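Open the model in your viewer and get your selection tool ready. We'll hop from one spot to the next, picking residues as we go.

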Amino acid sequence: MKEMWRDYDPGGFFDELMYDKHQPRSFSYRLLDYFTSLEKQAFQQRINESEMEMLERGITFTVYSDAGNIDRAWPFDIIPRALPKTEWLRTEKGLKQRIRALNQFINDIYNEATIIKAGLIPADVVYHSKGYRPDCQGMTPAHGVWANICGSDLVRDDSGHIYVLEDNLRVPSGVSYMLENRKTTKRVFPELFRLLNISPVDAYPEELSRMLRSLRPDLSNPRMVLLTPGIFNSAYYEHAFLAQQAGLILVEGADLVVGKDEFVYMKTIHGLERVDVIYRRIDDDFIDPEVFRSDSMLGVPGVMRSWRSGKVAIANAPGCGVADDKVIYAYVPAMIRYYLNEEPILDNVPTWLCREPDQRAYVLDHLPELVVKPANESGGYGMLVGPHASEEKVAEFRRLLEENPSNYIAQPTLKLSVSPTCCEGGIAPRHVDLRPFILAGDDCYVTPGGLTRVALVEGSLVVNSSQGGGSKDTWIVDDLPFMEGE
């Protein structure tokens with residue numbers, strides 16, 4: 001293995017494990033020392049074992065395509081991504097600050113809307129957002145928390161600075177793969193967990209269950225279900241996994257009914273049994289055909305009535321997607337200052353609002369250099385990555401921006417950090433991001449680390465598994481005071 005690492009070159013990018021071409025970072029020294037001590041054949045055997053682990057446990061994800069839905073084995077890279085604990089503690093604090101502000105914003109928007117009255121965010125940005133739901137006006141969920149489960153995507157630039165790329169507040173996915181990645185790594189490299197002090201992540205299901213119970217503080221033992229769209233959903237593996245791990249009952253919309261008393265009931269062989277908490281993995285559009293899409297066969301007719309009357313708790317609350325909007329994202333630092341009277345601990349990526357004439361003019365003048373995103377797309381779809389786009393694609397986005405500027409933001413093309421990754425022919429740098437998961441109820445919990453996603457294609461910045469990305473186990477490791485370059 002030494003020769004494979006000897007040829008490794010981060011290529012001018014910030015590397016998560018290496019300080020420079022031949023020097024590991026202080027907190028990853030023992031990790032790299034272990035890997036270089038392995039014989040090439042032994043390392044390949046560990047790779048084979050990890051692939052068999054994933055296959056034997058049935059860890060899959062679904063790719064939608066014109067040819068039909070395809071179940072694929074979860075793409076996992078065996079070399080973990082490590083982060084120093086001192087740095088992570090600050091990041092964790094910043095994530096908690098951010099979710100507090102976002103939840104206060106959502107609650108404010110559906111009640112007093114003081115932030116709009118104060119002139120800090122334009123009314124049309126909120127009320128024209130695809131995620132804004134007028135039917136949620138006047139509601140305040142338990143603890144004033146609307147987004148109970150959040151997956152915030154973090155990236156690091158070439159200077160080593162961490163940014164929040166986006167907040168996923170509606171039905172964020174991926175936490176089951178974080179847990180499965182850790183389980184696989186522990187089975188393949190048990191000796192590393194004796195060598196290094198790595199923060200555990202296996203408390204998540206228990207924390208999820210505790211948070212959901214807190215949404216019904218009036219009940220000592222609420223009945224809780226996970227509402228899934230069904231087996232054809234791309235995240236169904238995760239739905240089944242979390243239900244089993246957190247002690248939830250896995251149900252589809254047809255399994256639930258709202259009674260004349262406006263309580264939600266589950267159909268069982270023993271008759272109807274009341275449901276108190278719903279962890280929904282269905283978008284707002286499909287959750288209640290009485291209120292949203294009338295053609296939805298996935299949701300529960302009347303569940304919004306039950307929720308509004310306080311007879312069932314729903315996580316995440318309907319309407320929380322108003323803050324899961326890439327235009328509203330630009331205002332999160334202002335939310336933190338307004339609601340919490342604090343300075344943001346974590347920075348947004350610098351962002352231009354195309355709705356503003358002077359910012360739009362800059363974007364149009366520099367379009368081939370920038371990343372342009374529509375307000376409500378996800379998964380890397382519907383966006384322009386200027387430096388990697390054809391002239392035709394740039395021209396198309398120029399037209400889109402001129403036709404509907406309020407729907408777009410633009411950001412610089414960051415030189416995302418890289419991490420050593422197993423590739424054909426050896427070990428090579430590949431770009432990564434990180435999705436930690438935040439649970440918010442009567443208090444707040446952040447996973448130690450999260451799901452590291454990796455762009456397996458050389459030079460690519462697209463980390464989504466549906467578009468060829470993979471994943472790594474993420475380690476928060478004890479470290480010396482975080483002083484790189486000493």
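Select Thr447 to begin: is Thr447 buried or exposed? Thr447 is buried, because its relative accessible area is 0% (buried means under 20% relative accessible area, exposed over 50%, and partly exposed in between, with a 1.4 Å probe and protein chains only). Thr447 sits in the loop between strand E23 (444–446) and strand E24 (451–455). Helices here are DSSP runs of H or I with at least four residues, strands are runs of E with at least two, and both are numbered from the N terminus. Now show what surrounds Thr447: leaving out residues up to four places away in sequence, Thr447 touches Trp88, Met178, Tyr204, Pro436 and Phe437 (contact means heavy atoms within 4.5 Å).

Before going further, some housekeeping. This is a predicted model, in which local features need pLDDT of at least 70 and side-chain atom pairs count only at pLDDT 80 or more, while totals for chains, interfaces and linings use all residues. Residues are numbered from 1 along each chain as its sequence is written, and side-chain values use heavy atoms, with hydrogens and water left out.

**Stop two: the cores**

Next, pick Phe105, Ile121, Trp146, Leu256, Ile278, Trp307 and Met335. Within the largest nonpolar core, which has 66 residues, these are the ones that touch the most other members. A nonpolar core is a set of buried Ala, Val, Leu, Ile, Met, Phe, Trp, Tyr and Cys residues joined through side-chain atoms within 4.5 Å. Colour helix H4 (residues 85–109) as well: H4 gives this core its largest share, eight residues. Another core lies apart from it, with 31 residues, including Tyr177, Val201, Ala246 and Val277. In soluble globular proteins, nonpolar side chains tend to be buried together.

**Stop three: two helix pairs**

Select helix H9 (residues 204–214) and helix H10 (residues 236–246). They pack at an angle of about 80°, and their axes are 8 Å apart. Axes are lines fitted to C-alpha atoms, for helices over the stretch in contact, and angles run from 0 to 180 degrees between N-to-C directions. H9 is therefore roughly perpendicular to H10 (65 to 115 degrees counts as roughly perpendicular, under 35 as roughly parallel, over 145 as roughly antiparallel, and the rest as oblique). To see the contact, show Tyr204, Pro205, Leu208 and Ser209 of H9 with Leu242, Gln245 and Ala246 of H10. By class, that contact has five nonpolar, two polar and no charged residues. Ala, Val, Leu, Ile, Met, Phe, Trp, Tyr, Cys and Pro count as nonpolar, Asp, Glu, Lys and Arg as charged, and the others, Gly among them, as polar.

Now go to helix H14 (residues 357–365) and helix H15 (residues 391–403), which pack at about 170° with axes 11 Å apart. H14 and H15 are therefore roughly antiparallel to each other. Arg360, Val363 and Leu364 in H14 meet Arg398, Leu401 and Glu402 in H15. The class count for this contact is three nonpolar, no polar and three charged residues.

**Stop four: strands**

Move to the open sheet of three strands, ordered E10-E11-E12 with antiparallel pairing. Two strands pair if DSSP finds at least two bridges between them. At the edges are strand E10 (256–258) and strand E12 (271–275), each pairing on one side only. The twist from one strand to the next averages 40°. Strand E11 (residues 264–268) and E12 pair over five bridges; pick Lys267 and you'll find its bridge partner, Leu272, in E12.

Then try strand E20 (residues 418–423) and strand E21 (residues 426–435), which run antiparallel and are joined by six bridges. Cys422 stands opposite Ile427 in E21. There are two residues between the strands of this hairpin, and Gly425 takes a positive phi near 95°.

Most residues other than glycine have a negative phi, and most peptide bonds are trans. Where can you find a cis peptide bond? Zoom in on Ala315 and Asn316, where omega is about -10°. Asn316 lies in the loop between strand E14 (313–315) and helix H13 (332–340).

His143 has a positive phi of about 65° without being a glycine. At 41% relative accessibility, His143 counts as partly exposed. Finish with Glu262, in the loop between E10 and E11: its phi is positive too, near 70°, and with a relative accessible area of 24% Glu262 is partly exposed.
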